[in-house]
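Subject: Structure handover

Hello,

Here is the structure I said I would pass on. Please look through it with the notes below open beside it.

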Amino acid sequence: MTPPLAASSINVSLGEVAAALVLVAIAAIASRSWHAGLEEDIGIAVLRSFIQLTAIGYVITVIFDQDSALLAIALIVVMVVFGAFTARHRAKGVPNAFWPLLVSLGVAAAATLGLVVGLGIFDATPRYLVPVGGMVIGNSMTAAAVALNRLGEDVHDQSRRIEATLALGATSSEAVTPLVQRSLRSGMITLVDSTKTTGLIFFPGTMVGMLLAGADPTDAVRLQLILLYVLLGATSIAALLSITLARRNFFTSAHQLREPPQP
Amino acid sequence: MLFELEGVTYSRAGKVVLDDVNARLPVGASGVVGPSGSGKSTLLRLLNRLADPDAGRVRYQGTDVRDMDPLSLRREVSLVPQLPALIDGTVHDNVAFGPRLAGHSFDTRSCLELAGLDPEFEGRDASKLSVGEQQRVMLARALALEPRVLLLDEPTSALDQAARDAIEATLGGLRERTAISLVIVTHDTEQARRLVEYAVRIERGRVSSQGPTDEVLVSPEEISVAAWEDAS
């Protein structure tokens, strides 16, 4: 099946983009008025988003023109690597978090894209692989980073309890099982909650984009539903796999905490 | 000999905690005695491989503990930490935790009784017990593994005097009723004199003396009498 894309395309000029900066100015004024100290960050965010999106727009244009699935996959691999680097900084409390993140994002992207193509939901062409891959990797990165960040905090806060459990002959996996459940929940709860309220409290991005581009609302809703379900699967894979792989990093092979509690 | 430590050195965050420790702990009740921060608790954690030394050897019944499976060792040499650290759930859930992992049979009520707790406690929420009661649950869940050795890290430091006396009586009763050996870490020399037959005194990460408790831990009164006798 090929989902219906926009029935008609729209043209957006740079002037219109510049006009939208009025809203950014409001954010900067609010920050300055309340001494939130975010003006510089807002400025950097605006600049980076402009440069990064413009650059990726050119890259995507080339890939679409070439219509090469291999090029699309190469772009997805690059996104996975950058995603793992970015998420590693958020999961500071986890030793050697990069490799678990890289594997979990890679598996989440491969499994979900493979499934949606295999099930005939999307064609294996750059026009579908690139945007869906980007969404899958972005959401998976956030879920895995939140889950690992929570895991790192919990292992640190509960090191006494973990060591007391190890002292009873528990393996390192058994000792952190209660924390794994909480971390997985932390990683997934945002998307689960937003999926619950979608259509009531907010309209998700894909649907908004399609409606703005002139698509039929029914088609926009159906495509959005597919993407939400894909993202639920991807984030669960990324969060669970990253936790499963990273939890070993807190322990030695003799089931000892690498950073035992302070005496 | 139950435990032998040979040239054991252990550092943490760049700081030497144990420095060339040579010590022997015989079967029975032994104590590791010294002031706070002297490395006593760290030494205890080396005995059941919650940590491994940077250098030197720890032997349990003649075997280097590094050559033993850490999980089996910890079930045989069970450690009760200084502060209660129970899992969420009832007293029974806590007592059952270790034996279930090991696939052992166990009897919660008799373990509670051995630890000096009323067996009726088994259904109670562990988090709602007093610190003294929680410490007894920690003891009961270690006993549920039927260990040969119990390592106790300052078992009464968080308790008031009445609870401390009760725990000491429980430990004394345990020695009478079972063949279990105890290794007790304490900063309280009087408590060591009451509970152990052999003592290792440790100061700033080094062993300063070791031997029968009566020889190693001389009470202040005895020191005064000896000084008076020397003077006269």
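Predicted model: local features only at pLDDT ≥ 70, side-chain atom pairs only at ≥ 80, totals over all residues.

In chain B, 6 strands make an open sheet with mixed pairing, in the order 6-7-8-3-9-10. Its edge strands are strand 6 (77–80) and strand 10 (206–212) of chain B, and each of them pairs on one side only. On average, neighbouring strands in this sheet are turned by 15 degrees against each other, if direction is ignored. To see one pairing in detail, take strand 3 (residues 29–33) and strand 8 (residues 181–186) of chain B, which run parallel and are joined by 5 bridges. Within strand 8 of chain B, the residue opposite B:Val32 is B:Val185.

Chain B also has an open sheet of 4 strands, ordered 2-1-4-5, and here the pairing is antiparallel. Strand 2 (15–25) and strand 5 (63–64) of chain B are at the edges with a single partner strand each, so one side of each has no neighbour in the sheet. The partner of strand 5 of chain B is strand 4 (residues 55–60), and the two pair in the antiparallel sense over 2 bridges. B:Arg59 has B:Asp64, in strand 5 of chain B, as its bridge partner.

Now chain A. Where they touch, domain 1 of chain A supplies 5 residues and domain 2 of chain A supplies 7 residues. On the domain 1 side of that contact in chain A, 4 residues are nonpolar, 1 is polar and none is charged.

Helix 3 of chain A covers residues 39–66, which is 28 residues. From its first C-alpha to its last, helix 3 of chain A reaches 40 Å, close to the 40 Å expected at 1.5 Å a residue. Is this helix buried or in the open? Of its 28 residues the number buried is 1, so helix 3 of chain A lies largely in the open. After helix 3 of chain A comes A:Asp67, which has a positive phi, near 55 degrees.

A:Ala143 sits in helix 6 (residues 126–157) of chain A. A:Ala143 has 31 other C-beta atoms within 10 Å, and 20 or more count as buried, so A:Ala143 is buried. Leaving aside neighbours within four places in sequence, its contacts are A:Gly187, A:Met188, A:Leu191, A:Thr235, A:Ala238 and A:Ala239. A:Ala45 is 98 residues from A:Ala143 along the chain, and their C-alpha atoms are separated by 21 Å.

Last, the two chains together. How many residues of chain A are in contact with chain B? There are 17 from chain A, in contact with 23 residues of chain B. Helix 7 (residues 159–166) of chain A gives the most to the chain A side, with 6 residues. The chain A side that touches chain B divides into 8 nonpolar, 5 polar and 4 charged residues.

Regards

Notes:
Residues numbered from 1 in each chain as written. Chains lettered and ligands numbered in written order. Contact = placed C-beta atoms within 7 Å. Nonpolar A, V, L, I, M, F, W, Y, C, P; charged D, E, K, R; others polar. Expected span 1.5 Å × (residues − 1). Buried ≥ 20, exposed ≤ 12 C-beta atoms within 10 Å, placed from the backbone. Pairing = 2+ DSSP bridges. Axes fitted to C-alpha atoms, helices over the stretch in contact; angles between N-to-C directions.
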